[in-house]
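This report describes a ligand and its surroundings in a protein model.

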Amino acid sequence: MQNTQQRRVAFVTGASRGIGQAVAVGLAQAGYDVVITDLARQEADLRKTAGLITALDRKAYTYLADVSKKDEVDATVQAALRDAGRIDVLVNNAGILKLSLLQDLDEATWDAHFDVNVKGVLLMCQAIVPHMRARKSGRVINIASIAGRQGVANQGHYAATKSAVITLTRVLAQEAGMDGITVNAICPGIILTEMGRNNLGSDEAVRHWEEVAALKRLGTPEDIVGPVCFFASEQSAFVTGQALNVCGGIYFH
Ligand SMILES: NC(=O)c1ccc[n+]([C@@H]2O[C@H](COP(=O)([O-])OP(=O)(O)OC[C@H]3O[C@@H](n4cnc5c(N)ncnc54)[C@H](O)[C@@H]3O)[C@@H](O)[C@H]2O)c1
């Protein structure tokens with residue numbers, strides 16, 4: 001068991017499945033108690049994530065919230081601080097992707113992507129960073145995408161949100177660094193989650209991208225855990241404002 005001084009708490013959004021679930025469980029494996037959140041419709045799966053965390057002898061604090069709704073974000077963060085006592089690491093993972101050509105993109109789809117992928121990150125940071133500032137310590141890790149660096153056909157709106165996340169990461173790093181807070185982004189490549197498979201669409205596309213990748217495979221959600229733990233570590237205190245590609249070698253810039 002950790003003593004009170006060593007106990008660290010991570011907060012992961014979109015933790016019911018995919019990358020968010022793997023990161024929440026991976027952080028528990030690394031010794032963190034974990035606050036996990038997701039949409040109300042994901043409650044059953046979110047409880048499964050909680051079970052995986054408690055099986056590791058770590059505490060799981062479970063809340064339902066839509067990251068794009070300020071009242072839900074604020075209430076959840078307040079409840080988490082009351083129940084868990086502190087938040088050392090925030091992982092902004094919740095995100096959506098619906099494919100569309102820019103020409104065909106409807107306004108509601110554009111707005112939904114910016115509400116969840118960009119405003120969700122902002123609202124979470126606005127709710128949690130003041131607590132980190134008060135303690136003069138914190139780690140914010142935003143899950144962006146290589147789409148935000150490269151731009152990808154059929155994903156213009158999504159890629160634009162992820163470019164925005166990389167920019168918010170750099171700006172918040174500058175605005176919060178004086179209080180001992182680091183802010184970094186991870187840019188996954190193609191990770192075989194529900195989102196990743198929907199994105200590729202066919203087994204043929206999977207095989208194509210496996211061939212393109214330097215490592216000759218696509219990613220698993222667990223591939224994101226190590227980079228998150230690196231940014232979360234107290235020993236990474238001098239790394240801030242960075243965006244790290246985690247893509248098995250399909251993109252190099
Ligand atoms: N899978 C990939 O290939 C890939 C590549 C690059 C980046 N990413 C990013 O990684 C993150 C996780 O993706 P994933 O592949 O695990 O996707 P996923 O669809 O499997 O999981 C996304 C999670 O976010 C939750 N979520 C969606 N909208 C929400 C909202 N408004 N409020 C709270 N939670 C919400 C979902 O319920 C789900 O649990 C996303 O930000 C995604 O953009 C994924």
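The sections below cover the basis of the model, the ligand site and an annotated span.

## Basis

This is a predicted model, in which local features need pLDDT of at least 70 and side-chain atom pairs count only at pLDDT 80 or more, while totals for chains, interfaces and linings use all residues. Residues are numbered from 1 along each chain as its sequence is written, and side-chain values use heavy atoms, without hydrogens and water.

## Shell around the ligand

The ligand is surrounded by 28 residues (a heavy atom within 4 Å), the closest being R17, D38, N93, Y158 and T193. By class, 14 are nonpolar, ten polar and four charged, with Gly counted as polar and Tyr as nonpolar. At least two residues of this shell come from each of α1 (18-29), α6 (156-176) and α7 (194-200) (helices are DSSP runs of H or I, at least four residues).

## Polar contacts

Polar contacts are pairs of N or O atoms within 3.5 Å. For I191, a backbone N or O atom lies 2.8 Å from a ligand oxygen atom.

The protein covers 96% of the 830 Å² of accessible area that the ligand has on its own (Shrake-Rupley method, 1.4 Å probe).

## Annotated span

An unreviewed UniProt entry lists residues 8-189 as "domain: Ketoreductase"; such annotations may be inferred rather than shown by experiment. The span is 51% helix and 19% strand, and its end C-alpha atoms lie 29 Å apart (strands are DSSP runs of E, at least two residues).

Conventions
Polar contact = N/O pair within 3.5 Å; in protein donor to acceptor, adjacent residues only side chain to side chain.
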